[in-house]
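Please look at the chain below before reading on. The report starts with the overall fold and then turns to pairs of charged side chains.

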Amino acid sequence: MEDSLSLFLSYFPILFFAIGFIGNVLVIRIVHKTRQMHTPTNYLLANMAVSDVITILLYLCIFLAEDLLGRVSHKFATFACKALNIVEICIMVSSITLTVLALERYHALLKPFRAELRLSEDNVKKAIVFIWTTSVVICFPQFFFAEWNDKHTLCVEPFNTGTEESKIYTLLYFTIFIMQSTVMFFCYGSLIRGLYLTATICSENDEEGNSEKKKLVLTFHLASLAFLIGYGPAIALHILVASGDNEQNYDSVIGALSTFLFDLTLCLNPILYAFRSSSYQQEFKRLLICKKPTPNNDIEMG
């Protein structure tokens with residue numbers, strides 16, 4: 001029973017990869033090709049889509065190679081072990097992007113007159129460069145520490161060596177995760193309070209605008225929550241292994257479930273945009289039926 005569940009959790013994410021790849025590529029194309037979508041918020045969403053596409057491609061290539069080749073060679077296993085560290089960089093990019101997005105929405109809606117705190121079409125590109133640079137700096141040590149272990153058929157990362165350095169590295173990731181979670185919950189909690197409880201963000205004469213604000217804030221909150229739920233178990237598993245548990249945790253149902261939840265998050269963002277943003281709905285439909293954009297179509301997200 002346990003083996004069947006692990007097998008299901010291991011192979012079912014292929015569907016998530018397919019949906020996530022198509023959806024995120026469409027998001028990137030929409031933001032790139034549609035002038036009205038060139039806003040700071042959409043640039044951040046496209047940045048997250050890029051990191052998700054890279055993650056999906058790496059995961060899929062490694063998964064297919066292992067499945068087709070059976071027992072892979074030491075050279076390929078070593079390459080895959082190092083390549084998975086690029087996934088860690090992409091995960092960090094997504095988490096920092098979600099944090100920046102939460103701060104951007106917080107300042108845009110609660111402090112609209114503080115222009116120096118707002119992202120613009122120009123400085124958001126600098127913010128994206130900063131996000132990738134910071135992510136590489138944080139995750140780069142894994143390229144040196146990650147090694148393939150033939151005996152345990154396991155990629156030995158800084159998280160699962162059981163050394164003091166492993167504990168310190170895990171503590172760093174856990175601290176970053178907690179800080180990002182705190183910022184997201186504070187920002188979106190303040191926005192939801194201002195929109196639904198105190199009505200300090202709402203305009204009395206613009207019901208349609210108020211409805212759109214509520215929808216967007218809830219969409220971004222759901223995207224952040226989905227990421228935290230998807231990546232939180234992986235952090236918990238890293239802590240479990242770093243605390244001295246053996247490597248077999250990665251082969252257990254807990255490890256498979258952790259991976260399953262994370263894989264699920266890779267396809268959720270485009271689905272959220274498609275169902276909750278009228279702008280993306282229009283553009284998704286236009287691309288799927290190969291319809292040319294309408295010049296006067298005023299669509300924007302953020």
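## Overall fold

The model is a predicted one. Its protein chain has 10 helices and 2 strands, and their order along the sequence is α-α-α-α-α-α-β-β-α-α-α-α.

## Packing and surface

The protein chain has 302 residues, of which 47% count as buried. Among its contacts with a separation of 6 or more, 76% are between residues 24 or more positions apart. The accessible surface of the protein chain is about 15,800 Å², and carbon and sulfur atoms make up 65% of that.

The structure holds 3 salt bridges. One of them joins arginine 35 and glutamate 121, with the closest N and O atoms 3.7 Å apart. Arginine 35 is in the loop between helix H2 and helix H3, while glutamate 121 is in the loop between helix H4 and helix H5, so the pair ties together parts 86 residues apart in sequence. Arginine 35 is exposed at 51% relative accessibility, whereas glutamate 121 is partly exposed at 27%.

## Salt bridges between buried residues

Glutamate 104 and arginine 105 form a salt bridge at 2.8 Å, N to O. Glutamate 104 is buried, at 4% relative accessible area, and arginine 105 is buried at 7%.

Glutamate 283 and arginine 286 also meet in a salt bridge, at 2.8 Å from N to O. Both lie in helix H10, where their spacing of 3 residues amounts to about one helical turn. Glutamate 283 is buried with a relative accessible area of 3%, and arginine 286 is buried with 13%.

Conventions:
Residues are numbered from 1 along each chain as its sequence is written. This is a predicted model: local features need pLDDT of at least 70, side-chain atom pairs count only at pLDDT 80 or more; totals for chains, interfaces and linings use all residues. Side-chain values use heavy atoms; hydrogens and water are left out. Helices (H or I, at least four residues) and strands (E, at least two) are DSSP runs, numbered from the N terminus. Buried means under 20% relative accessible area, exposed over 50%, partly exposed in between (1.4 Å probe, protein chains only). Contact means heavy atoms within 4.5 Å. Accessible areas come from the Shrake-Rupley method with a 1.4 Å probe; for residues, only the protein chains shown count as cover. A salt bridge is a side-chain nitrogen of Lys or Arg within 4 Å of a carboxyl oxygen of Asp or Glu.
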